[in-house]
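I set down what I looked up, entry by entry.

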Amino acid sequence: MRVVQHAAYGGPEVLETVEAPDPEPGAGDVVVAVRSVALNRLDVLQREGPPLLPGFSLPHVAGMDVAGDVVAVGGGVGDPVVGARVVVKPGVSCGTCVACTLGDDRRCAAVQVVGGSRWGGYADLCLVPASHVFALPPHVSFDEAACVPTALSTAWRAVVETGRVGPVDTVVIHGPGSGVSIFAVQLAKRAGATVVVTGRSATKLERIRELGADHVVSESDGSMVDAVFEITDGRGADVVVNHVGTALFPTSLAMLSFDGRLVVCGTTTGGTVELHLPSVYHAGLRVLGAGPQSYGSFVEMLGTYWKGGFTAVVDSEFPLEKAALAQERLESGDAFGKILLHP
Ligand SMILES: [Zn+2]
């Protein structure tokens with residue numbers, strides 16, 4: 001099979017398309033012929049190095065969000081069968097540690113991530129446990145399915161499970177173009193909240209408004225904090241979803257209402273901040289890390305998605321061997337929606 005791997009850290013030029021042996025499914029495994037795989041920021045961060053996930057090793061094949069056909073199954077696998085159209089859950093808990101046996105797979109210390117700490121979907125074939133592939137309904141395409149796992153999981157943890165967003169809340173989501181933001185807006189709207197999106201690009205802000213945002217705030221139109229207080233009649237936001245990390249952390253805190261919740265679910269601009277504690281405790285602010293998603297939550301989330309009503313947005317598509325170009329598109333910051341590779 002062909003894989004796009006990197007055997008050294010660096011720019012997009014370290015990505016190389018090479019031949020690798022086809023994976024052999026062991027007991028409980030399946031091999032998926034990748035039809036569509038979505039890029040994520042982690043792909044770029046771990047190409048640049050140092051790696052972020054424990055268990056990472058070079059050469060590495062990125063690609064967390066895999067959709068395709070099952071082409072081989074290992075011993076003991078009754079479901080799925082060869083030919084099934086599936087999407088992969090990238091976080092693979094070990095199933096045997098104390099946490100996993102207690103049903104608390106979020107705490108699994110031996111968790112692996114497809115395309116993060118084991119080989120992923122920048123390849124013709126991808127080896128995964130049968131327990132971590134899920135059948136696609138007929139109405140969901142491979143491209144749509146590839147948009148879902150990481151982006152919707154992150155948004156789901158942030159908006160539904162951690163932020164516990166409800167109808168009385170005004171939610172601010174930073175950055176209109178990312179897959180996480182696109183789904184976070186839709187989840188917050190489904191929860192009945194008022195949704196505000198902040199960003200730089202007028203074009204992207206207009207597109208996110210079309211996807212349901214009630215208000216958009218341009219970073220270039222003066223203070224975003226003032227704008228949020230104006231929208232909320234001086235109250236401030238009940239929830240801010242920050243998946244960009246350091247850059248907007250002070251701004252996020254400053255736009256919160258009394259007892260407001262700041263949900264942290266990403267660190268693309270950096271992971272270290274200075275925190276003015278008096279402003280946190282005087283206003284009862286809560287800084288909440290979104291954390292990993294449980295297996296059961298992932299199943300519930302997919303079930304909700306399959307019922308329909310969501311819009312997955314594809315920015316652009318590239319053939320597998322153009323992975324470097326695709327990553328450059330991601331790094332440009334110009335994308336609106338997910339960038340896909342087709343092996
Ligand atoms: Zn475990």
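How many bridges join strand β10 to strand β11, and do the two run parallel or antiparallel? I looked up the pair in this predicted model. I found that β10 (residues 170-174) and β11 (residues 194-199) run parallel and are joined by five bridges. Within this pairing, I noted T198 of β11 opposite H174.

Next, I followed the sheet around this pair. I recorded an open sheet of six strands, paired in parallel, in the order β12-β11-β10-β13-β14-β15. Its edge strands are β12 (215-218) and β15 (286-289), each of which pairs on one side only. From one strand to the next, I noted an average twist of 20 degrees.

I then turned to the helices on these strands. Helix α5 (residues 179-190) lies across β10, β11 and β13 (237-242), and its direction makes about 160 degrees with β11. Helix α6 (residues 202-210) lies across β11 and β12, running at about 170 degrees to β12.

Which strands pair with β3, and in what sense? I found eight bridges between β3 and β4 (residues 65-73), which run antiparallel. In this pairing, V31 has A72 of β4 as its bridge partner. I also found β3 antiparallel to β8 (residues 125-129), with five bridges between them. There, A33 is partnered by L125. With β17 (residues 338-342), β3 pairs over two bridges, again in the antiparallel sense. In that pairing, L340 of β17 is the bridge partner of A38.

Finally, I checked how covered β3 (residues 29-38) is, and I recorded nine of its ten residues as buried.

Methods: Residues are numbered from 1 along each chain as its sequence is written. This is a predicted model: local features need pLDDT of at least 70, side-chain atom pairs count only at pLDDT 80 or more; totals for chains, interfaces and linings use all residues. A residue is buried if 20 or more other C-beta atoms lie within 10 Å of its own, exposed if 12 or fewer, and partly exposed in between; C-beta atoms are placed from the backbone. Helices (H or I, at least four residues) and strands (E, at least two) are DSSP runs, numbered from the N terminus. Two strands pair if DSSP finds at least two bridges between them. Axes are lines fitted to C-alpha atoms, for helices over the stretch in contact, and angles run from 0 to 180 degrees between N-to-C directions. Two residues are in contact if their C-beta atoms, placed from the backbone, lie within 7 Å.
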